[in-house]
Amino acid sequence: MPDLKNLLNDEIRRLARKEIRIALEPLTAQIANQKKTISDLKKQIVDLEKLMRKANPEKIAEIEEAAENEDTKIRLNAAGIIRIRKKHKLTQSELAKLLGVATHTVSIWELGKSAPRAAMKQKICDLRSVGKREINARLAAAADVEEQA
């Protein structure tokens with residue numbers, strides 16, 4: 001009796017392995033094709049980079065610099081904008097004057113309906129390290145510019 005049990009277990013294992021092998025064959029072929037495609041694409045990228053370096057080295061330098069800047073992306077959300085504004089005890093209109101945008105724009109940012117562009121994020125984040133005197137000086141300068149216009 002134990003031999004029959006072992007025999008059946010072995011046969012079940014053999015059939016299960018065979019079924020798994022049959023089921024995996026198409027996937028294995030797909031994986032091989034995708035690896036080949038990835039390899040071809042990597043070669044194309046290298047070739048294109050070589051061509052670009054020959055054609056326009058200045059543009060390559062700009063692209064690499066932009067890629068470095070993307071690594072240091074500024075993380076800023078609606079709560080962060082509010083926190084910066086309240087830290088300096090500014091109204092939305094005062095913050096808007098400092099940044100050179102409309103008050104409505106600041107309101108939309110603080111509600112989270114929109115996010116500032118990268119250049120504006122940089123300006124907002126620069127306000128983190130600025131003191132109250134500098135803020136007042138910038139507000140006065142912005143008011144002078146408005147009066148002249």
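In what follows, a residue is buried when its relative accessible area is under 20%, exposed when over 50%, and partly exposed in between, with a 1.4 Å probe and protein chains only. The structure is a predicted model, in which local features need pLDDT of at least 70, side-chain atom pairs count only at pLDDT 80 or more, and totals for chains, interfaces and linings use all residues. Residues are numbered from 1 along each chain as its sequence is written, and side-chain values use heavy atoms, with hydrogens and water left out.

The protein chain has 7 helices and 0 strands; helices (H or I, at least four residues) and strands (E, at least two) are DSSP runs, numbered from the N terminus. Its radius of gyration, taken over C-alpha atoms, is 31 Å, well over the 15 Å that the globule rule gives for 149 residues, so the chain is more spread out than a compact globule. That rule is 2.2 Å times the number of residues to the power 0.38. The C-alpha trace spans about 100 × 55 × 25 Å along its principal axes, and 17% of the 149 residues count as buried.

Just after H5, Gly112 takes a positive phi of about 80°.
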